[in-house]
Amino acid sequence: MLLTAEQQRKVEDNVGLVHRVIHDRLHVPYQIGIFGYDDFFQIGCIGLCKAAVTDKGGTFSTYAYRLIWNEICDALISATRRQVKEFACDELPYIPAEQEFSEEQVNVRTDLEQVLKQAKAEAPPSTVKGIEAMKLMAEGYTSREIGEQMGASDKLVCAWVSKARKFLRNQPEAKALAAAYHIVL
């Protein structure tokens, strides 16, 4: 973002406002999730620069305070969404092995095995790994445990699973099975 000399002066004169927002809104400790005080300060400075660029007169500090806070909130929301997305692959239900299955559950499992076998035959290698990871998740393993078994990081396992889900959503047989048995892909 390019600032004019006047906008740079406004930013330099109001840097203390970023500290005030962090102190007023975030309280102690200044470590929230992945962000520390310095991170919040940098994010707040971006908001301050945006305020300087878009200022149309009036009380600058009031306007800048709101933009600084909004920038920090946006960063926190974005980080939370990213974290949720990364860990969402561990949310498959756990079915204990010793549980007795009804005839419908056995049919679903048989149909699902056939669809997954066919999908694995057509899928690229990383998608096949994702399908295998999904099976292990259905057995109750976490992405970290699966990663240890497959020699990969938990984030890579999540990426494989995400790719496999996307692949399966585009397979007509998997779509039909999901619709028939109310399975979320």
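Buried here means under 20% relative accessible area, exposed is over 50%, and partly exposed is in between, with a 1.4 Å probe and protein chains only.

Before I go on, this is a predicted model, so local features need pLDDT of at least 70 and side-chain atom pairs count only at pLDDT 80 or more, while totals for chains, interfaces and linings use all residues. Residues are numbered from 1 along each chain as its sequence is written, and side-chain values use heavy atoms, with hydrogens and water left out.

Back to H6. The helix covers residues 125-138, 14 residues in total, and it reaches 20 Å from first C-alpha to last, close to the expected 20 Å. That expected span is 1.5 Å times one less than the number of residues. After H6 comes glycine 140, with a positive phi near 110°.

Now the whole chain. What are the elements? Nine helices and zero strands, where helices are DSSP runs of H or I with at least four residues, strands are E runs of at least two, and both are numbered from the N terminus. Of the 185 residues, 34% are buried. Contacts are heavy atoms within 4.5 Å, and of those with a separation of 6 or more, 61% join residues 24 or more positions apart.

On to the cores. A nonpolar core is a set of buried Ala, Val, Leu, Ile, Met, Phe, Trp, Tyr and Cys residues joined through side-chain atoms within 4.5 Å. The largest has 23 residues, and Phe35, Phe40, Leu48, Ile68 and Ile72 touch the most other members. Helices H2 (15-26), H3 (37-54) and H4 (60-87) each give two or more residues to this core, and H4 has the largest share, with ten. Take isoleucine 72: leaving aside residues up to four places away in sequence, it touches Val21, Ile22, Leu26, Phe40, Ile43 and Gly44. There's also a second, separate core of 19 residues, including Ala123, Val157, Phe167 and Leu177.

Last thing, the rings. Phe, Tyr and Trp rings (six-membered ring for Trp) pair if their centres lie within 6.5 Å; planes under 30 degrees apart are stacked, over 60 edge-to-face, the rest tilted. That gives one aromatic pair. Phenylalanine 35 and phenylalanine 40 have ring centres 5.6 Å apart and planes at 50°, so they count as tilted. Both partners are buried: phenylalanine 35 has a relative accessible area of 12%, and phenylalanine 40 is at 1%.
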